Structure formats: structure tokens, C-alpha cells
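Q: Please give me a close look at one part of this model. I would also like to know how that part sits within the rest of the chain.

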Amino acid sequence: MVVILSPSAADSYSWIVEIETLLPCFAPQCVFSDLSGSVSLSWIGDSTGVILVLTTFQIPLVIVSFGQSKLYRSEDYGKTFSDITYLINNTFIRTEFGMAIGPENSGKVILTGDRSGLYGAGKIFRSYDFAKNFVLTDLPFHPSTQIIYHPQNSDLLLALSTEGSLWVSKNFGEKWDDIHKGVCLAKWDFDTTIFFTTYLNGSCKADLGLLELKRTKDLGKTFKTIGTKIYSFGLGGRFLFASVMTEKGNARRIHVSLDQGETWNMAQLPSVGQEQFYSILAANNDMVFMHVDEPGDTGYGTIYTSDDQGIIYSKSLERHLYTTTRGETDFTNVTSLRGIYITSVLSEDNSIQSVITFDQGGEWVPLRKPENAKCDSTAKNKEKCSLHIHASYSISQKLKVPMLPLSEPNAVGIVIAHGSVGDAISVMSPDVYISDDGGYTWARMLEGPHHYAILDSGGIIVAIEHTNNPINVIKFSTDEGQCWHSYVFSKEPIYFTGLASEPGAKSMNVSIWGFKESILSPEWISYTIDFNDLLSRDCEEKDYTKWLAHSIDPSKATDGCILGYKEEYLRLRKSSVCQNGRDYVVTKQPFICLCTLDDFLCDFGYFRPENESLCVEQPELKGHDLEFCLYGKQERLTTSGYRKIPGDKCQGGENPVREEIELKTKCTSNYLNQSQLSTSSSSTPVILAVIGLMLATAVAGVVVIKKYVCGGRFLVHRYSVLQQHAEANGFEGVDTVDASKAGYHDDSDEARPLGVVI
């Protein structure tokens, strides 16, 4: 056992030396000796302990492919597994579709089988009871993407066929209805509304920019065309966005609707050309973060933040890194504390630097240098530099970054990320850093790249070194990364592929997945560590302490005021050795603050220069009337340069004047003129030249993918590194730049990352 002690943890040494007696000599292991090239993991429900493992082996042939699947089930968080392949009649399950898990604790599972022969129809296996039993159902079509659950009603399903037809099921896949032909992209709304785009002249790609946006509120009985000349569309919070071609032909503008497409307003954002794009970085019911790409292949753009109507936008951050080649952005929501986002900017000298906002985009600042780290060779001044976070862009550039930044809503204040300390992001091997206050301060937690996971609502952090060599040691900390202990989980080292813990960070179990070399093929193996044996005592009131979030200067009355109010939390003491448990709920007390300029964004036509708090007028708008379109009329804005941040709860104090004076002139935008739109019934004959839309998935090398599917949990291990993606609540086809950056709904107070490119 290796013990790394910090001074603050020295008092706990008497407990530390007992670790060897508290944890078993080696962790329980499971060996999957069948012939398989990949392993997919899926958690079914919350706190059920049920995990499905699907192993697949596939050989692509000229016309068809040969494949083999095995299905395993665990009821004890992965300590033991039973082979249940017989429940699916030894059918080969589509690797790229994985396992579609129902939302919340519905216990529903759908496995999509491979098609039988070149023209065979599809088939699925359905389970209502947490994968104890499966029912085979033949489909009248062959799915081109994973079947999509309604986010609230798991009986309602959407599927897109390889022929481009949109299918709906109202009874969990038992029966299906073909509701529309020639569909490119489809998404559920929270009610039974479905939005989708259709092509008219042959294919989605050929009609890009000429698509029609349609809506059905009755699951396909009637339709209404709510938009024409559509490039793409996206959903975020309560907002429906459409990217619409203008009369100029190659340019397009964003339009927004708050009533499911009944009425539209043109967003006050710059238009983009054919080679540019918009991206909804994050959205909630109050506001939107929108990235607008710069002309030319610059690799950057500008972040704008919206008002509560999604119409008026203010410049939030210039030179925001967002590549056009692979669609990579480092934009990250820190979910462990409200209002915080981290991203990267591309400086004038083409170096990449990290910035952070603590007030939902009002101001962006560099990340503070960790006290226990030194500035690297990129720093001109070795005493003054900052922390730079490695995220999606670093992973795309094949740097030694195995994981994205990690935070969890129930692990208050904790952020873990790979980073470098200097004037810009370094290409050298990064270290792992941790913040316990949402990103205000940082400390180097581990030397070199690691895989990591948060357990027990932050009470335990686990990590495994990222290396090409076999390993058999896992590190863990019970004091938010101050003191680390090493545990040998197996006698023989394995080639490590990833950590698997139940989403939500409440579990006390973590599984280590990897493989051993064998004569025929690698042999998959997992080890599951149960930290209940280590932290057997439940936390009591004495184990928690009060903590004021966003606290910078306790001497000021406004200390901790962010978005108009303070929040005081009860947090586990770092010195407490106990278990939060699955029933742990974050305890916080809000206090309303007086308004200051910090509660206001820069208004339309104004922006905050980097590292400044005052709003200044955009140079290109000086001397011009500030006019915008709102509800079909032209408005003139009278402003002092500020507007209240959407969702800000401050009262009294400063209140800069802002008013809109209505003019008589109508807006000139008629791109979504309602008189051009129509309503139709599904019973009307539709004759279209349909070209099948095939989604080809090429897997070069082996990847570990983590997906959240409408509340489900899904992991894929294939001999290599870990990446994280959000699964679409819809079908991402040719309408988007990058299908991995898919949208999903969230009704929390935070603006959740979406990455929907429109």
C-alpha cells in the first residue's frame, strides 16, 4: 500500500493504516471469455444495481457482415454476471446502436438486432422488467439510428428507417405506424409534439437549405408546416430554433419560437454563410448561449447570450475556439455550482487559452494559477501565469488527455480536469487538477494523465493512471483529492480501457474494465470495488460544515452574490471518514441580494472587453440607432448598455434604465411567413422520390464512449481511450456538422451544454 499524505490529512493516519484490512485482498472479477471485439455497458434504472453487458464481434463482408453477440446481466453493480444470451435467441445486436434504455426507472430496454440478409426487415428485443425477460418484435422497417424514447413517456418511441421514413410507436414498440416519408431529422418535445425536417427533391443533402420544418401534435394524424427554406433546427429549454436561408441564397439567419412554431422572431444575431455555422452551446428556460462562427476557416467565433425571449443577444466572448473541421469546442458546464462555464479562446498568436465565467457569461476571466504548481515553458513570466484546461479540442489533437472535465450536481463545488499551467495550453503531458469551489481556486491533484470518477456524492474520488502498460492499481481519496491511497485490485495487471460507475455519482461501487491478451482474441475482464467495506459509517450532522458558494471576500456584503442571490451549503468536512449514502440530498439555503452592475449583461450593441466589468458600445454600431425586430414590429432600444441577466433574482439596488419604444414600421424578415405554411393530414396521399438515407459508422481503432439516453446509461469499451458524448433526443443526420454533438432537454436552472449545430 502506498500512502500520500498532506499535512491537513495527517490526523487521519490512524484510519489510513487500516485500509488493507478493510478492503479485500483483491477485487471480485468477472471474465468474458467469448470471442468479442467490443463490450457495451448499460445501467438500468437508478440504484437498482442492474447492469447489462453486451459483447460483440463483427466481420464486415462485401454485402453483409457476420457478427456474434453475447448478453450478460448483473444485479449487484457488476460483481457477478449471468449469461442471458438465450433470452435474445443468440441474435447479433447492432453494435453502433447499443442498448436503448428507457427514461428514469421505467425498467425498459430495447436491443436492435442486425438485419437478416440484404433486404431483411429489422427486429428488436423489448424488456419491461429491467432485462429479466425479452420479447422479440419484428419491425416493418429497418432502423437507421437508435430508437428514441419520449423523454417522459417510455411507451412512446420514434424511429427513422433506412428509407427515410419516420415511424412512431405508442405501445413500447409492439406496433409501429409510418407517419411521414422523406424525413431528415426528428425530435421529441416534452408533450406528444414531434418536430422534423423533410426533403422534397431527392435527399436531405441535396435539399439542405430547402427543407421544410413540420410539426405533429397528435403522433402523426395531422401535420403543420411551420417553416420553409430550412437548413436545420434545434431545441433548447423552451426555445425552438430554426436556421433559415435568406433571400440572398447562401446566407442564413436564426429564427426562434416560444410557441412550438406558431410564431417566429428573427434572432438579433449576425447571418452566416455557407461555410459558417451556428451552435446552441447551452440553453435552459431563461436563456441561450449561442456560438456564431466567423467567416473563413478561422477555427473560432463569438459567443452571444440571449434575453429571456431568445431574441436579443449580447456579445459574451470573442475568439471562442470552435473548429470547423471536426466541430470541437471546449465549452463545459460546471454542474457542481450554478452559473459556471469553462471554455477556450484562440488568441491572436494562435495559442489556446482557458477562460471561465462565474455569472452565466456576464464576464470571462483566466483560471487562477494553482498554488502547488509552477508555470511551464509557455509562460513569459514564471511568477504570473494561469491554469488551462484540456477538453475536447485536446482530445481531438491526440494529446494525452483520456477524459473530459468532470463535475456532478450532487458533489458540490468539485471540478476535476486535466490541465497545464502557463500562458497557454501546452502539448506536454498534462496533470490532473481539482477545484473544490467551482473553479475559483485549483490544486494539482495527480501527476500525469489519469482516468477518474466521483463516487458517493464527492465523498470518494477514484483514479487510474493513463498508460499503455498493464496496470493493477487504483488510487482513491476520501478528502477531495488531498490525500491519496493505492489499492492493488488484481494479482495480474491488465490492459486498462476505462472506469465504469453508475451515473449520478451516488454509487459506492466502481468497475475497472480491461482485457488480457490471449491466443484467439483479447479476453475481457472487469473488477468491481465496493467502498461500502471501507466507509461503513453513515455521515452524521457533525460531519458537515456550512459553506458559502462563490465566496471571494467575506468582508463585503455582496460576497457570494451571483445571479442575484447567495447560497449557503452544508458540505462534508474533508476530515470526515463516512458515507453520504444514496439518500444524500444537497442542502442549501438561498439569500436574495441587492442588484449591482454584476447582475446585468451588456445590452444589445454593447460588450465587455476581456477582463473588464464595464460594458462598452460595439464599434461597428456607434452612431447607429439600435433597432431590432420583436413580435413582427420594429423596436428602437433606449439603453444604458446593460440588461438584467435572465434568471437573476436580485432586488433593489442599481437598476439601469432599459425601454423599448415601438415604431410603426413592420419588420422586413418574412423568411418564415405564416401565409406560406400549411396544415395537412397524414391520410393525404404523398408521392415522393425517396432515396434511402444510410448512416455509415466507421470505427477506426477502439473507443470508450459514454452516452446518456433520456435518463439511461450506456458505455462502450473498445480497446482504447475514454470519450464522452451526449446522445441525441432525435436523429442527427446531414443537418448537423457533427452528430456526436446532439441535443437533449433539461429543465434545471442551469443552461446545459447542447452543442446542437444549426
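**A hairpin and its surroundings**

A: The chain has three helices and 57 strands. Helices (H or I, at least four residues) and strands (E, at least two residues) are DSSP runs, numbered from the N terminus. This is a predicted model, in which local features need pLDDT of at least 70 and side-chain atom pairs count only at pLDDT 80 or more, while totals for chains, interfaces and linings use all residues. Residues are numbered from 1 along each chain as its sequence is written, and side-chain values use heavy atoms, with hydrogens and water left out.

The part to look at is the hairpin of E27 and E28. Strand E27 covers residues 341–346 and is joined to E28 by six bridges. The two strands run antiparallel. Two strands count as paired if DSSP finds at least two bridges between them. Strands of a sheet pair through backbone hydrogen bonds, either parallel or antiparallel.

How much of E28 is covered? Strand E28 runs over residues 352–357, and five of its six residues are buried. Buried means under 20% relative accessible area, exposed means over 50%, and partly exposed lies in between (1.4 Å probe, protein chains only). For the whole chain, buried residues make up 60% of the 758 residues.

Five residues lie between the two strands of the hairpin. Asparagine 350 is placed in this loop between E27 and E28. Its phi is positive, near 70°. Most residues other than glycine have a negative phi. Asparagine 350 counts as exposed because its relative accessibility is 57%. The C-alpha atom of asparagine 350 is separated by 9.8 Å from that of alanine 424, which is 74 residues away along the chain.

Positive phi values also turn up in other loops. Phenylalanine 130 has phi near 60° and is found in the loop between strand E9 (123–127) and strand E10 (135–138). Its relative accessibility is 23%, so phenylalanine 130 counts as partly exposed. Leucine 219, also with a phi near 60°, is found in the loop between strand E17 (211–216) and strand E18 (222–236). Leucine 219 counts as buried because its relative accessibility is 13%.

A nonpolar core is a set of buried Ala, Val, Leu, Ile, Met, Phe, Trp, Tyr and Cys residues joined through side-chain atoms within 4.5 Å. In soluble globular proteins, nonpolar side chains tend to be buried together. The largest core here has 27 residues, and Leu337, Leu387, Ile389 and Trp442 have the most contacts inside it. Strand E30 (386–390) and strand E31 (415–422) each supply at least two of its residues. The largest share, three residues, comes from E31.

Which residues does leucine 387 touch? Contact means heavy atoms within 4.5 Å. Not counting residues up to four places away in sequence, leucine 387 touches Ser354, Leu367, Arg368, Lys369, Pro370, Gly419, Ser420, Val421, Tyr433 and Trp442. A second, separate core has 23 residues, including Leu455, Ile474, Met508 and Leu535.

Contacts can also be viewed over the whole chain. Of those with a separation of 6 or more, 54% are between residues 24 or more positions apart.

Elsewhere, three strands form an open sheet in the order E41-E42-E43, with antiparallel pairing. Strand E41 (544–548) and strand E43 (588–592) stand at the edges with a single partner each, so one side of each has no neighbour in the sheet. Five bridges join E41 to strand E42, residues 565–572. In this pair, threonine 545 stands opposite arginine 571 in E42.
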